[in-house]
Structures are given as C-alpha cells and as structure tokens.
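This report describes selected local and domain-level features of the structure shown below.

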Amino acid sequence: MTSEIQGALKPERAAPFAFARRHLREYGILMALIAIMAFFGIVTDGTLLNPLNLTNLVLQNSYIVIMALGMLLVIVTGHIDLSVGSVVAFVGALAAVMMVQYDMHFVPVTILSLLVGAAIGAAQGSCVAFFKVPSFIVTLAGMLVFRGLALTLLDGRSVGPFPAEFQRLSSGFIGDAFAGLTPIHLTSLLLAVAAAAALVFMSARGRAKKLRYAVEQEPFALFLAKNAVIAGVIVWLGYLLASYRGFPNVLLIMITLIVLYTFVTMRTTVGRRIYAIGGNEKAAKLSGINTERLTFYAFVNMGVLAALAGLIFAARLNTATPKAGLSFELDVIAACFIGGASASGGVGRVTGAVIGAFIMGVMNNGMSILGIGIDWQQVIKGLVLLAAVFLDVYNKKRA
Amino acid sequence: MNAILEMRGITKTFPGVRALDNVNLVVREGEIHALVGENGAGKSTLMKVLSGVYPYGSYTGEIHFQGQERRFRGIADSESAGIIIIHQELALVPLLSITENIFLGNEPARYGIIDWDAATERTRALLRKVGLRESPATLVGDLGVGKQQLVEIAKALSKEVRLLILDEPTASLNESDSEALLSLLLEFKAHGIASILISHKLNEVSRVADSVTVLRDGMTVETLDCRAEPVSEDHVIRRMVGRELADRYPRRQPRVGEVLFEVRDWTAHHPLDAERVVVKGVNMAVRRGEVVGIAGLMGAGRTEFAMSVFGRSYGRRISGQAFIEGREVDLGTVPRAIGNGLAYVTEDRKHLGLILNEDVVHNVTLANLDGVASRSVIDEMRELEVANDYRRRLNIRCSDVSQTTLNLSGGNQQKVVLSKWLFAEPRVLFLDEPTRGIDVGAKYEIYTIINQLAAAGKAVVVISSEMPELLGICDRIYVMSEGRFVAEMPAAEATQEKIMRAIMKGEEKVP
C-alpha cells in the first residue's frame, strides 16, 4: 500500500521532448513570439530590433498589455468587456478637458481619471454580477455610451497639448544614475540584468521546492535552456533599449503590473477563486466563494486599467481625440485568446496574455515597417488569431 | 434462439490504456441483456464501439448484427441498422416540444417542409406505446427526468429499432419511474425488441435480465444465463469486483452523543414560483456521531431542504431556525454556513461539485483556501501535501494529484468532492446521494468514510434514493414526502415497506 503510493509520487523522469510536448501550449506561445520577432527582424533587415524601434514597440503596446491584464481576469471569470476602447477615449477626453480647459494639475487629474474608470467598471460590473445581464450586452452598450460621451466632452474636436509633466507618463524615460559615464543608459542595463537574475533565481527556487515535494518536473536540460533563453533575451532587449534612451517610464509601470497580476492570479486565494468562478460558477458558489462580488471586482479592475491605458494613450499622442482607442477592445481580447485564454472561462494565464499582446504588437509594427497596408494587416492579424485558437481547440480534442 | 448481435474479440486501445481487451458479447434475439461492471470496466467504451462512435478501424475484432458483419463508420450507420443507444446524459433539447425532439433530424417532410400534423400524430402513437400521458406539444424542459427518459425511448421507437441500448437509464429516476421503465423494457421484449441494459442496480438486473455479461478491467469475465436459474447478486458483485465483498455495508459501532445540529420549522419556497412551498415546516435533529438518513421519492424536497439550509443555496422566502449545540446560528450565506461547520456534498458533482477543468489539488482546497494560505497567499507546497494526504486517506485513484478531475471516474470524482468538504473541517455534513452512479467497490469505500466521520463525532445526514443503502448505513431515518417530514424511525426498526408506506400515507406517523 505505502510502497504503491510512494511509487506513484515519484517524479516522472520524462524525456525533455515528451515533457515539452505535453506542455506545448506554455512553450509554444513563447516560441511563437520569438519566431515572429526573428522573422520580422530578418525581413526588415534588423529595423524591427533597432533600439529606436524597439522603444517605440514598447510605447505602442503598453496600453494594450495593460488592458490585457484586466481583460484576462474578466475572460477568466467567463465574461467579456467590449467597452474598453471607448473607455480609453472617454477617460482621455475627460483628462484633457480637466487639464487643458480647466488647468488642473496632472496629479489630481490622474487620480480622478482612475476613479472614473473604477466607477465605469463598477456600473458595468454590477449589471453583470448582481443583475445577471449578459456582459456582452452590458459592455456593448458601454462601448456605445462612452464613445458617445467622449465625442460630447470633446465637442468632436481634439484637445491638447498637455502639460509636459503629464506627457512624461508616456514619453518620459527613467533617469540614469550613471549619466555621462557610459555611452549607454547603464541604469537600464543594470535593471535588465537584475530582472533576469531575479527571474532565474525565482524559478530555480521554485524548482528546488517542487523537487523536494516530488512534483512532476520539467527535465533539467529543458529548465536550463528555457531560463538561459529567457534571461538572455531580457538582457539583450535591455541592452538594446539602453543603447537608445533607456527604459521608458511606461515600461516600468507595465512590468510592475505584469508581476503584480501574475502573482495575484497564480498565488493568492483571490486569484484561485476567480479561476474557480470561470471553471464552474455554481460549484464555486457552493464552495463558499462570493462569486458576484469577485465578478464585480473583475470589472472594476478592468475599468481602472482601461482608464490608465486611456491616460497613457492620450499622453503619448499629446492630445485627446474622440477616435482614441478605436477597436482597442479587439486587440486586447485577441491578445488574451492568442495567449491561451478560454472563451468559456476558467482558463488563461497573465503571461500568455502579455505574450499574446506582444505578438499582435510585433506583427503590427513589423508589417508597418514592411509597408503592408492596414487592410492586409487586419487580414493577417485575423488569421493569426484564428490559427492560435484553432491550434488550442485541436490540441484539446486530441488530448 | 439465434443471436441478433455478436461482438467477437473486440480490442480497443487509447494512448497508454487498453480499454477493451478481447471482449466477446452475444445478445440473443428478443432478450434483455444486462451489462454490468465497475466504473471504468469498459461498458461505455464497448457500447461506443457498437454504435459506431468509435468507427470501424479504430478497434480490432468483429461485429455481427443480424447475421452479417457490420462495419459502422458512425452513429448514423448503426442507427440505420436498427441499433439505438440512449445515453445516461439525455440528448434532448429542453426548449423544444416532445414532437420536435422526437423527430429532430428526422422530420417527416416533403421538399423540406415539415408535416407537423403527421409528426404530432405519430408522436401521440409513440407516447401511448411508452405510456407517457403528455401532450406532444409540451416542452421537454417542463417534464421531469423520468418522463424525459420516456421521451428518449419514444424517440428510439420512432426509428426502426431492433436493438435498444440503455446506459444507466434509472440512475436518476425514483423507484416508481424506474419500475415503469423496466416494465416497458419487458413489454418491448414481448414485441421482440432486444435490449442491452447497463446498470449498477443489481436488483433491477436480476428482475428483468435474461442474461448478464460481467466486464472487469476491459475483459469479459462471465456471461450468465438467468433464465435457467436466478443469478445471485452476490455472485455478480464478486465477479465485478474480482474479490469477496463480505458485506455491502461496513460494520460500525455507533457512539451517539448529544444533539449537535437542529433545525426547527424550516420552510422554503420555490425560487421562481414564490407561492409554491417546497419545504414545509421541517424539524430535524442530528446528534454527534450519528448518521441520519432522509428517505423519499425524487421531488420530495430533500435536496431542496438541504440546500436551503446550506447558505440558502436554494429557494426563496426561507424561514426557520437552525441551532448548533443548542445555540441559534445564522446560515444565511454559504460562507456563514461553512463558518458554522456545515458542509453540503452535492448530488450533482459535475455541475455543482467540481471544477472539472481544474486538477485534484485545486478542487480539494477550494472550500477552505485559507487553510493553505497565509495572508491570502497560497502555499502551494502545503496545498499539495493536503491533496496528497486526502488522496491517500480516501484512496483516490489518479495518476497524480495534478490530474484534471474531468478525467477521473465517477467514484473518484465523488471522493474528490468529499475531500473538499472534509478539508473544510465541518461538524455537520449533508451528503446528497453520495453513491449515485458509482460502482460497488467505491460505494463501500464511501460508506467506510461515512463511518469514520461518525466515529470522529461529526453529525452526518445522508440523502439517498436507494433505501437499502439508508437501511445499511444509518442510525435513524426520516421520511420526507411532498416537502414534509412524514415519519421518523430508528434504522433498526425500519424496512423498505415501512418507508414506502410512510411515503404513500403521507400523514401517518410511524412510531
């Protein structure tokens, strides 16, 4: 009896390839991003990866990534939020009116804007969570309402420019403690090295802990290769950014949020409960989980992140336009699904959504450099989304 | 008599598993052939091979039906040959009428225009045949499970059926509906329709079956002829589990203490129809270390009662008082009920019990995440230890605890749900049909767990439609009928007849 259990608990000594095949999804998406970057890197003769363009890539995608974090939670609870693009426009417009027309300081404006985002999320979230109106419909209505309100606020015109301090939210770079000592932005490079080291340290510690508890483990070779590649890529990208103007402020905001949301979803009780709701809401409720409240908060959270994205986007354009954020919701939702989230809820990872967002971003950017028209860009992006989800469904069916 | 169906040397493998290993099955014309075996023995796989769900070529072996070798490439093939399978999970569309359901995909039509008059007429005839008195226009969703089952059978009859396969048809039926269904099978037999009956309920099998084939671990163990002499249930069970099962219910020395949990005058109304009273003034008391049963027919309000007590998970306008150790407690929400030491193990583990796409670990800790977390951060290793601990204690058979619960057998799924509630450390457990749809061996294990819970001083309430089970494991039995507790009796004095009489007479108080 005991021997049988011990036998069953022994870690599986899987061959690297067999393990990789079983965890294809997790590696596959990262490999896809690297492959796509390599492809565009080559066909654009390295333009994609030149420091200036890389910086632009980060700036252009930050708001999509930030919203994808919130959207992932909404999708995991089994819902959807179509209104985020309009919220981006509305919050941007609101901030512009307050700063430009009423000369308010950018700090209270930022705080107010985020609160307004929370209120929008709360309004939509309570319709969905407490009154059980389908989220698709609630947020479709929100999409129309907030687009319309943005137009009203701006009176159909663009409002700008913003105070310089506010612009720094998007176009600013972190300071260099070693300015003038080296031709590159040394602080940024050191940060990248530190981040890579921290990541390797964390995963090594996690692996050691798991080995002690005899959990099925990825083979050492694979573990080593994966960490070496990831650490290498981080340092290399850090170096590239450092050789231009260093890390943009927005990159730090983004990374902080990514780390925070990864932690919340993977390690906290709240995160676990959110997955449980999406997996089986009734069972979750009967297990003592306040499903309504958590669903509500998922939407509030989405509202805040959409507002933040709205501010960043406005700061980047240095003007608020009623057309801001048009069809952002589609990019954000696509990022989550490319990243492996399930449309029926309960499944999806923060890292997947972030990588999904960058896949979309790199394709946008790469195709623009190549001079492919917006028409064909849409066709290709649509097909990539379909292919990613198709592969998912196919894999699931085969398993 | 000739064989209508012969399956010879059927072998079917899935990656890594041999689900069927050289299985032989012979069904004679016009007989009721029971197929029994533990969960995972290969019954459903065999029927999927027969009905073409697993097409020819994906298995080895031969299927002879009505004297010819058949190579079914899909379910449409087997249906046109006259083999109709009725699955455990009914395949009806609740928002369509009986007629629409019966002729779904098979509508009597000319040039694509449906002749509803003909369809309705034929539906009437079919409903008469299966003894269902409902208008053909009734929506299927408005029917009870028993009647839906009859609609499925009527649908099967609407096609040219030669061999009817029923996969656990009575699993979710109450006694009288089961009885009606079995009589129907006997009637079909009189009309020369053969059937294969998959069932865990051996009393039904011995009542209607002409032969019994026992499967174990994907192999045919034995085919018994019941016409020559009646087959003993104990013999079948022995062959199913491959070991001696001395007693179907483990023995226990009850050590009953003082009253631990009590509800007084508990009343609940229907969630959609507030005028309808579903639970009417129920009084119940459970003592420490006691196993109390609630007997009754389906629809008596047992599940509704338990769920309304457990954090008002069912119903509206709930009134009544609940006491733990004599102190009145508020059970108004599920977290409060759990906090007061209650647990409710659902009868519907797939829809209400498990997060099917999550692994064993995440399911086990779900109702008590704080038990594996500090300051809301989950300690994954501690969580893993907890899951492995329950896996060992409840003998959950899985490749490891990171296996998705969707892929576990019914009995093991049930053990995962039980683990979840055991880890929540309750003092009062409501177990709603804890052994439904699971095999004999796993049932015994569940009973053992119930005994251990009682021995640990918990109060256990078991709701079950299987009266022998209640008689076998309980100390005391309440009988519920139409929302009321109509009788209460010590299990030692109770019999099936007494319980049925109490249900039928409703008002009568059995001393």
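In this predicted model, helix α15 of chain A, spanning residues 328-338, is mostly covered, with ten of its eleven residues buried. The buried residues of α15(A) include A:F328, A:V332, A:I333, A:F337 and A:I338. After α15(A) comes A:G340, which has a positive phi near 100 degrees.

The loop between α7 (135-154) and α8 (164-171) of chain A contains A:P161. A cis peptide bond joins A:G160 to A:P161, and its omega is near -10 degrees. A:D155 is placed in the loop between α7 and α8 of chain A. Its phi is positive although A:D155 is not a glycine. A:D155 counts as exposed because it has 10 C-beta neighbours inside 10 Å, and the cut-off for exposed is 12 or fewer.

In chain B, a positive phi in a residue other than glycine is found at B:E325, in the loop between β16 (316-324) and β17 (327-329). B:E325 is partly exposed, because 13 other C-beta atoms lie within 10 Å.

| Residue | Phi |
|---|---|
| A:G340 | near 100 degrees |
| A:D155 | near 60 degrees |
| B:E325 | near 50 degrees |

At the domain level, chain B is divided into domain 1 (3-241), domain 2 (247-341 + 426-511) and domain 3 (356-424). Between domain 1 and domain 3 of chain B, the C-alpha centres are 35 Å apart.

Definitions and conventions: Residues are numbered from 1 along each chain as its sequence is written. Chains are lettered from A and ligands numbered from 1 in the order in which they are written. This is a predicted model: local features need pLDDT of at least 70, side-chain atom pairs count only at pLDDT 80 or more; totals for chains, interfaces and linings use all residues. A residue is buried if 20 or more other C-beta atoms lie within 10 Å of its own, exposed if 12 or fewer, and partly exposed in between; C-beta atoms are placed from the backbone. Helices (H or I, at least four residues) and strands (E, at least two) are DSSP runs, numbered from the N terminus. Domain bounds come from an automatic or database domain assignment.
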